[in-house]
2 protein chains.
Amino acid sequence: MSQSYAMTAPLTRSSVEAAHRVVAPDIHRTPVLTSSSIDTIASTPQSSESLIGTPWEGQTPASPQLKLFFKCENFQKVGAFKARGAFHALSRLSEEEVKNGVVTHSSGNHAQALAYAARTRGITAYIVMPSISTPSKIAATRGYGANVVFSGSTAAEREVVAKEVIERTGARFIPPYDHPDIILGQGTMALELEEQVKELDTESFKDDSGGRGRGLLDAVISPLGGGGMLSGIATALSGTGTRVFGSEPSFQGGDDGRRGLAEGKRITSVSTLTIADGLRTPLGEINWTVISDKSKVEGVYSVGEEQIKKAMKLLLERLKVWVEPSSCVPLAVVLFDEDFRKECVRLNVRRLGVVLSGGNTTVEAVSKLFGPDE
Amino acid sequence: MSQSYAMTAPLTRSSVEAAHRVVAPDIHRTPVLTSSSIDTIASTPQSSESLIGTPWEGQTPASPQLKLFFKCENFQKVGAFKARGAFHALSRLSEEEVKNGVVTHSSGNHAQALAYAARTRGITAYIVMPSISTPSKIAATRGYGANVVFSGSTAAEREVVAKEVIERTGARFIPPYDHPDIILGQGTMALELEEQVKELDTESFKDDSGGRGRGLLDAVISPLGGGGMLSGIATALSGTGTRVFGSEPSFQGGDDGRRGLAEGKRITSVSTLTIADGLRTPLGEINWTVISDKSKVEGVYSVGEEQIKKAMKLLLERLKVWVEPSSCVPLAVVLFDEDFRKECVRLNVRRLGVVLSGGNTTVEAVSKLFGPDE
């Protein structure tokens, strides 16, 4: 994918602000929801018994006091935050540059987002999808009028097929996550979240001493897959005093970001079948430069499959929103990762934004996760 | 239940407005959501094949043009609209009248609502629940600090136990649906829905000729169980030009409202195990006087279990909201009942409010509905 855009904006908050002005007419300003019952659970120490067999066995459970603000990108156009980056990336290209269409590879939500954004702009879209993609995601992508081209499921296999499409059609490549225009587009959600926390009546949060106080966010935690969203949020919030954290599934090495940070070197290949299927990709190169910058991203944490399911059950039953498993990883970290919970205490993180990245799953998939056989 | 309140307000729109001023500080102004994909489905005629075996076999499928506004009471306090009526009913009683507590019987959401409202007001609550109630609803009711007393599952069995509690404790009876104060409380959602439709940008609805136009609602359709909500909505909207419809499950005679209207006589006993468990109750006496008034309620329609499930799948996967089966009955009528769809064409109903009454269900219950065994 040697193609690059002629001019890209620098990765700064003001570039994210400019991106927001461009994409705002085409996207939803998604709601921010709160739940006093989830806050109570998050603010109750885990039991010592529940820590047996974990790295924190025998330690005193942390006791953070948390008020969570859920940014509901599951209500975004196409059901996921990816619409932001797709519209922004298309806005940066000339008519000439997209006259033969656009192409991308994606395990799902970026596919739908680019298909939708391209149709809105009257541009032909080719989407390279792993043949094992969720049938509902394939159908939705076709439903937005895109040409779906199948590939194997690794990043390398997808890129080969995307290259073939480019050679055959002259279509322009729109990367799923590792590009400044995508990063800046995804970062726009952080600007809205800041505004919405200010708008919300926060009187229900009785004791916020220690945090930054009403109308402000101490931190934001988002899912981390390829890293476009986390980089975007970190770019938007850099210098504001709001800390940024990432969260990953640990299953089968899906925590490539966390491991890479520990080793001081980006991990370029990941092969995991975690239920958080939007987070199976390795961290992108540009995104790595942002995420490995400690002044921008405070840290990355990971959780297991059962913890993701527990968080998902709470988000469905208590917050009453329909979310895909990838969306549930940040809350799982908040509830179950003692290292993260201790950091919240140490850093006085009390008012915490939690990104629900998307809601593209099916009743059948949820039944498989929570049915009697599991 | 011979107890009645000392003074009840008349069933008029201005009484609903007064109720709204009273309850607004304690309840959520729940969001109104829209979905272009569900609108498209609702505005596409059913196939002739899908009508085979129905009363409409061989008829030309109706072709209404619908824009749906979903009033999301699943995001209400305690997860259901019942919080409105409970707070309003308590507000009408003096300290003296509730000094020995309050009592009610309910299959679920009214139980939680009264428990929550009573705790908020510092009043003891006794809740008579059928022993076959959903475990999550029993747990939630206890979680709000109420004393749960079990009974059989018919209305008669529950009333006997409630009477025993009253005799033993001196608690005040708060009826689940058949009382003016409950009716007026539930009706407050209609006032919000009217305002919110005005607030929403409706430019996306390209052709609204025939309907009443932007910012107005042609009609509202709500679930019908005991009838408190439908009566309240009809009371609030009476004289406004917005028509009001009810919807019921037909399984095992759950459509007592529709059948009663056809016979011109209220049906007082219902025994159904429909999945729409909030709608298993017979229509109340006061509610019957409102609902059988054709100037207030235009009509009541019913749908089968599979149709409710299909509507539920759409609300979960497309609208991305967590709803219980009772909430899905109105959309099922909109999508599948040809009589209703023909009425929409005949009456120029294009802009339609759809009440999602609650979201109190579990991942296990949803898995049972949509898992491989079903």
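Predicted model: local features only at pLDDT ≥ 70, side-chain atom pairs only at ≥ 80, totals over all residues.

Visitor: Is strand 4 of chain A enclosed or open, and why?

Guide: One asks how many of its residues are buried, that is, under 20% relative accessible area. In strand 4 (residues 125–130) of chain A, 6 of the 6 residues are buried, so the strand is largely enclosed by the rest of the structure. Both faces are covered: Ala125(A), Ile127(A) and Met129(A) lie on one side, with Tyr126(A), Val128(A) and Pro130(A) on the other.

Visitor: Which strands join strand 4 of chain A by bridges?

Guide: Strand 3 (residues 102–105) of chain A runs parallel to strand 4 and is joined to it by 4 bridges; Val103(A) has Tyr126(A) as its bridge partner. Strand 5 (residues 147–151) of chain A is also parallel to strand 4, with 5 bridges between them, and there Ile127(A) is partnered by Val148(A). Between strand 4 and strand 5 the chain passes through helix 5 (residues 135–143) of chain A, a right-handed β-α-β crossover.

Visitor: How is the size of an interface expressed?

Guide: It is often given as the accessible area lost when the parts come together. Here chain A and chain B bury about 1,700 Å² between them, 65% of it on carbon and sulfur atoms. On the chain A side, Lys320(A), Trp322(A) and Val363(A) lose the most area, together 38% of what that side buries.

Visitor: How many salt bridges are counted between chain A and chain B?

Guide: The count is 2 salt bridges. One of the residue pairs forming a salt bridge is Lys313(B) with Glu364(A), whose closest N and O atoms are 3.1 Å apart.

Note on methods
Residues numbered from 1 in each chain as written. Chains lettered and ligands numbered in written order. Heavy atoms only, no water. Buried < 20%, exposed > 50% of the residue type's maximum accessible area, 1.4 Å probe, protein only. Helix = DSSP H or I, 4+ residues; strand = E, 2+ residues; numbered from the N terminus. Pairing = 2+ DSSP bridges. Right-handed = clockwise from strand over helix to strand, strands pointing away. Buried area = accessible area lost by both parts, 1.4 Å probe. Salt bridge = Lys/Arg side-chain N within 4 Å of Asp/Glu carboxyl O.
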